[in-house]
Amino acid sequence: MNSIKIGLISVGQHCQNNIIPSLNDMPNVEIVGFNTRNVDLALTIAKKYNINYYKNLDKMLALSAIDFVYISSPNAIHYEFILKALAN
């Protein structure tokens, strides 16, 4: 079975403490990249979990390797990210 490839948008505490570890425990799931505004946090997460950090969200979303995105931002801004993901 092929792996499901995921891109993460926003990696706050919930994503760091629950989502990333859960996804990493799934045998057929691969996190191919993530985007967040906080560069210091991004570098820490990229190193800790060996995940590619994309400073530019559009570049990450343009990856043909991504099967779907997980949006872990506050609900009020999901719509903006949904539209960007659907456009790619």
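Author: Two strands pair if DSSP finds at least two bridges between them. Strands are DSSP runs of E with at least two residues, helices runs of H or I with at least four, numbered from the N terminus. This is a predicted model, where local features need pLDDT of at least 70, side-chain atom pairs count only at pLDDT 80 or more, and totals for chains, interfaces and linings use all residues. Residues are numbered from 1 along each chain as its sequence is written, and side-chain values use heavy atoms, with hydrogens and water left out.

Reader: What makes β1 and β2 a pair?

Author: β1 and β2 are joined by 6 bridges and run parallel; the definition asks for at least two. One of the bridges sets I4 against V29 in β2.

Reader: Why are β2 and β3 said to stand at the edges?

Author: The open sheet has 3 strands in the order β2-β1-β3, with parallel pairing. β2 (29-35) and β3 (68-71) each have a single partner strand, so one side of each lacks a neighbour in the sheet.

Reader: Why does S10 count as buried?

Author: Buried means under 20% relative accessible area, exposed over 50%, partly exposed in between (1.4 Å probe, protein chains only). S10 has 18% relative accessibility, so S10 counts as buried. F34, at 0%, is buried too.

Reader: What makes F34 and Y53 a tilted aromatic pair?

Author: Rings of Phe, Tyr and Trp (its six-membered ring) pair if their centres lie within 6.5 Å; planes under 30 degrees apart count as stacked, over 60 as edge-to-face, the rest as tilted. The search of the whole structure finds 1 aromatic pair. For F34 and Y53 the centres are 5.5 Å apart and the planes at 40°, hence tilted.
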